[in-house]
Amino acid sequence: MKIIVAMDSYKGCLTSDEAGRAVAHALEAVCPYAEIVCLPVSDGGEGLAQSLLRAVGGREETALVHDPLMRQITASYTVLPDGTAVIDMASACGLPLLREHERNPLRTTTYGFGELLRDALRKGCRTVMAGLGGSATNDCGTGMMQALGARFFDNGGHEIPLMCGASLNSVERIDTSGMHALTDGTAFTAACDVDTPLLGPRGATMTFAPQKGATAADLLTLENGMTRIAGILGKHTARTGFADKAGSGAAGGLGAALCAMLGAELKRGAEIVLDAVHFNELAEKADMVITGEGRSDLQTLMGKLPYTIMKRAQKHALPAMLISGAVDNPKALLDAGFTAVRAVTPTGQTLEEAMKPDTARMNIKKTIYEHFLHMR
């Protein structure tokens, strides 16, 4: 029996690799004769750079940048053997960089991600893959643009010193004459972890801003600002349709900015990674796939990694088990095609306890034990 283990991260708790190893260790105990293949995977969010580094090799680069609240940190990215820079926006602007009380998409910015882009350009990278996902931001990529040299002005002609979610409604015009010259000669790809558009009820703000700390009142402010910026970007670049593209709403609208300002191609990050690790070839000789994430719900069916893995498994007639920290609406997940859905966190266990890495590992292992022992 050959089992493919392809786990996404349990955000704020276990990396993709750590979650996968917990599953593998449990399988080794309960299915000692099984061949277990652990794949380094990511959906375009946290872990994309590391997944591709493990899959195809390359080197890691580091740079001093700013976090979502403009505190200086050290962040890293991967340079693949062909010279492509793979940059997880979450390494500079991710939600895990903030404490619970610091989450506020009106204040957070993608400026640090722009600094990572600038560093890669200065070091000679002319192909860039940006991993969008796990963001703490909802600034439509304006902070990134500012770090690359764009300037934003209000209706009084005053320059806005720092772009963040709250700044969007103040923008009257953009000056991109000072944008980093090397952006013109660079090919950009945005690896998206969701297929959401920029605006509307399924867009960046309404779907994801609440988990980034937005209140009900904040949502209207942010959505109005995103709508305003989308219009200004469209006029400034003469590009149309970018706000409606699948993935333009990824990372709080960063996908839209990359598409409009840098001509980026939007792709599903999960598809990129699964191709890199040769998932299809491995699936041809496998008997089962196990995947999962920190929390599975209806958003999982919007192009998240476990859903993409399950759809690929279906093409090879493989059962796909979903094992996640928490699960909402398991029936919808089963109806979508997962052959088994399990939440590893026991009833009554507090979120604080469940988020401890050792506890999460134990919960994963126990769930695997119980599932496979029951199958015997």
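Modeller: In this predicted model, Ala317 sits in the loop that runs between helix H11 (305–315) and strand E13 (320–324).

Biologist: Why is Ala317 called exposed?

Modeller: Its relative accessible area is 67%. Exposed means over 50%, so Ala317 is exposed.

Biologist: What is the phi of Ala317?

Modeller: Phi of Ala317 is near 60°, which is positive, and the residue is not glycine. Most residues other than glycine have a negative phi.

Biologist: Where is His278, and what is its phi?

Modeller: His278 is in the loop between H9 and helix H10 (279–283). Its phi is likewise positive, near 60°, in a residue other than glycine.

Biologist: Why is His278 called partly exposed?

Modeller: The relative accessible area of His278 is 47%. Buried means under 20% and exposed over 50%, with partly exposed in between, so the value puts His278 in the middle class.

Biologist: How do you know whether Thr142 is buried or exposed?

Modeller: Thr142 has a relative accessible area of 1%. The cut-off for buried is under 20%, therefore Thr142 is buried. The residue lies in helix H5 (residues 142–147).

Biologist: Which residues are in contact with Thr142, leaving aside its neighbours within four places in sequence?

Modeller: They are Thr110, Phe152, Met163, Leu168 and Ile229. Contact here means heavy atoms within 4.5 Å. As for Leu254, 112 residues apart from Thr142 along the chain, the two C-alpha atoms are separated by 8.0 Å.

Biologist: What makes Arg173 a charge over the face of Phe153?

Modeller: Arg173 is at 4.2 Å from the ring centre of Phe153. The distance cut-off is within 6 Å, and the charge must also be within 35 degrees of the ring normal. The distance passes, and Arg173 is found to lie over the face.

Biologist: How many aromatic pairs are there?

Modeller: Zero, from a search of the whole structure. A pair needs ring centres within 6.5 Å.

Biologist: Which residues of helix H2 (residues 48–56) are buried, and what do they pack against?

Modeller: Leu48, Ala49, Ser51, Leu52 and Leu53 are buried. Their partners include strand E3 (59–66), strand E6 (127–132) and helix H9 (269–276). Just after H2, Gly57 has a positive phi of about 90°.

Biologist: What is the volume of the largest pocket, and which residues are closest to its centre?

Modeller: The volume of the largest pocket is about 1,200 Å³. Lys11, Leu95, Gln211, Gly294 and Arg295 are the closest to its centre, out of 42 lining residues. By class, the lining has 15 nonpolar, 15 polar and 12 charged residues. Helix H8 (250–262) is one of the helices that supply at least two lining residues, and H8 gives the most, with three.

Biologist: What is the volume of the second largest pocket?

Modeller: It holds about 500 Å³ of space. Of its 27 lining residues, Thr15, Glu46, Gly47, Gln50 and Asp88 are the closest to the centre.

Biologist: Which element gives the most to the lining of the second largest pocket?

Modeller: H2 does, with four residues. Others that supply at least two include helix H1 (16–30) and helix H3 (90–93). The lining of this second largest pocket divides into nine nonpolar, 11 polar and seven charged residues.

Note on methods: Residues are numbered from 1 along each chain as its sequence is written. This is a predicted model: local features need pLDDT of at least 70, side-chain atom pairs count only at pLDDT 80 or more; totals for chains, interfaces and linings use all residues. Side-chain values use heavy atoms; hydrogens and water are left out. Rings of Phe, Tyr and Trp (its six-membered ring) pair if their centres lie within 6.5 Å; planes under 30 degrees apart count as stacked, over 60 as edge-to-face and the rest as tilted. Buried means under 20% relative accessible area, exposed over 50%, partly exposed in between (1.4 Å probe, protein chains only). On a 1 Å grid over the protein atoms alone, a cavity is a set of points where a 1.4 Å probe fits but cannot get out, and a pocket is an open set with protein on both sides within 12 Å along at least five of seven lines; lining residues have an atom within 4 Å of a point. Grid points are joined across faces, edges and corners, and a volume is the space filled by probe spheres set on the points. Ala, Val, Leu, Ile, Met, Phe, Trp, Tyr, Cys and Pro count as nonpolar, Asp, Glu, Lys and Arg as charged, and the others, Gly among them, as polar.
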